[in-house]
Amino acid sequence: SHQSCCSNTPAGSSCPVGAEMGGFNYVLSLRAMSEMASFLGDTKSQSRYATIAELSKKGFHTTFWNPQLNAYGGDEGAIQSLSTPALLLQSPPDDLLSTVEKTVEEDIVNTTGYTIRVGAVTSKILLNVLSDMGQHVTALKVATGTGQWSWGWWLTQNATTCWESWPGGGSHNHIFLCGGIGEWMWKHLVGLTPTMPGFQQIQLAPRPDGIEGPTSMAAEYESVSGKIS
């Protein structure tokens with residue numbers, strides 16, 4: 001659906017982008033299968049799925065790379081929705097990686113003014129990808145912005161829950177567009193990362209920001225290995 005892939009796109013945009021999103025999730029599924037096979041001690045299946053995943057990652061680039069835009073997809077309306085998943089997959093070749101990162105950042109900063117042009121699929125990963133690629137301040141501005149469309153805009157409309165769509169249609173109690181911001185807050189604000197299964201060992205690296213905020217943070221997490229605070 002349109003909401004699953006893109007949002008707030010300009011007139012004439014080719015979004016939604018079902019084939020591209022299908023390719024993205026196919027690679028993620030293959031990687032998950034490889035990881036599960038590894039935990040089960042099935043080295044043959046682990047290697048098989050890992051090989052197919054790597055080939056599919058390269059195929060994603062070959063199929064959807066648009067050299068005219070220095071991005072993935074057919075038009076400027078899909079830059080955030082498609083280039084962000086490509087960065088998560090590490091699909092761009094080394095000589096194009098910084099170009100794709102710059103394209104995504106410029107689209108967010110200059111084209112949409114820190115507002116969101118993605119649907120449920122990319123909203124799950126957008127903030128994490130920005131922070132992971134060294135654009136944490138940009139991620140902070142997206143997370144705290146109040147323009148249309150954004151999580152902050154919902155707050156200006158007196159929302160107390162997550163909505164199914166950015167404009168507010170459908171359910172007003174829906175995880176559809178909110179999963180990513182919660183994960184990002186734990187990973188990049190609190191800075192909590194398990195380094196062993198079951199949180200037996202963790203890394204804790206909070207990232208306060210004196211300009212964009214928050215300047216301090218407190219958190220408590222009930223892990224399977226006990227409370228972390």
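Modeller: Contact here means that heavy atoms lie within 4.5 Å. The model under discussion is a predicted one.

Biologist: Which elements are included in what covers the buried residues of α8?

Modeller: Helix α8 spans residues 136-144. Its buried residues are His136, Thr138, Ala139, Leu140, Val142 and Ala143. The cover over these residues includes α5, α7 (126-132), α9 (151-156) and α10 (179-190).

Biologist: Helix α10 holds Trp184. Is Trp184 buried or exposed, and at what relative accessibility?

Modeller: A residue counts as buried under 20% relative accessible area. Trp184 falls under that cut-off and is therefore buried, with a relative accessibility of 2%.

Biologist: Which residues does Trp184 touch, leaving out those up to four places away in sequence?

Modeller: Trp184 lies in α10, one of the elements covering the buried residues of α8. Among the buried residues of α8 are His136, Ala139, Leu140 and Ala143, and Trp184 touches each of these four.

Biologist: What separation do the C-alpha atoms of Trp184 and Gln203 show?

Modeller: Along the chain, Trp184 and Gln203 are 19 residues apart.

Biologist: At what angle do α4 and α5 pack?

Modeller: Two packed helices are described by the angle between their axes and the distance between the axes. For α4 (residues 79-89) and α5 (residues 94-111), the axes are 10 Å apart. The angle between α4 and α5 is about 145°.

Biologist: How do the residues of the contact of α4 with α5 divide into nonpolar, polar and charged?

Modeller: Helix α4 contributes Ile79, Gln80, Ser83, Thr84 and Leu87 to the contact. From α5 come Leu97, Val100, Glu101, Thr103, Val104, Asp107 and Ile108. These residues divide into 6 nonpolar, 4 polar and 2 charged.

Biologist: How many of the 11 residues of α4 are buried?

Modeller: The buried residues of α4 are Ile79, Gln80, Ser81, Leu82, Ser83, Thr84, Pro85, Ala86, Leu87 and Leu89. Helix α4 is largely enclosed by the rest of the structure, because its buried residues number 10 of the 11.

Biologist: Which residue just after α4 takes a positive phi?

Modeller: The phi in question is about 60°. The residue that takes this value is Gln90.

Biologist: How many aromatic pairs are there?

Modeller: Rings of Phe, Tyr and Trp pair if their centres lie within 6.5 Å. By this rule the model has a count of 10.

Biologist: Is the pair of Phe60 and Phe64 stacked or edge-to-face?

Modeller: Planes over 60 degrees apart count as edge-to-face. The ring centres of Phe60 and Phe64 are 5.0 Å apart and the planes stand at 65°, so the pair is edge-to-face.

Biologist: Which helix holds Phe60 and Phe64?

Modeller: Phe60 and Phe64 are both buried. They are 4 residues apart, about one turn of the helix. The helix that holds both is α3 (residues 43-64).

Biologist: What angle do the planes of Trp149 and Trp153 make?

Modeller: Trp149 is buried at 16% relative accessibility, and Trp153 is buried at 13%. Their ring centres are 4.8 Å apart. The pair is edge-to-face because the planes stand at 85°.

Biologist: Which residues do ring pairs link into a cluster?

Modeller: Trp149, in the loop between α8 and α9, is one of the members. The cluster consists of Trp149, Trp151, Trp153, Trp154, Trp163 and Trp166.

Biologist: Near what omega is the peptide bond from Gln148 to Trp149?

Modeller: Trp149 lies in the loop between α8 and α9. The bond from Gln148 to Trp149 is cis, with omega near 0°.

Biologist: Near what value is the phi of Tyr114?

Modeller: Tyr114 lies in the loop between α5 and α6 (120-123). At 22% relative accessibility, Tyr114 is partly exposed. Its phi is positive, in a residue other than glycine, and is near 65°.

Technical notes
Residues numbered from 1 in each chain as written. Predicted model: local features only at pLDDT ≥ 70, side-chain atom pairs only at ≥ 80, totals over all residues. Heavy atoms only, no water. Phe/Tyr/Trp six-rings, centres within 6.5 Å; stacked < 30°, edge-to-face > 60°. Helix = DSSP H or I, 4+ residues; strand = E, 2+ residues; numbered from the N terminus. Buried < 20%, exposed > 50% of the residue type's maximum accessible area, 1.4 Å probe, protein only. Axes fitted to C-alpha atoms, helices over the stretch in contact; angles between N-to-C directions. Nonpolar A, V, L, I, M, F, W, Y, C, P; charged D, E, K, R; others polar.
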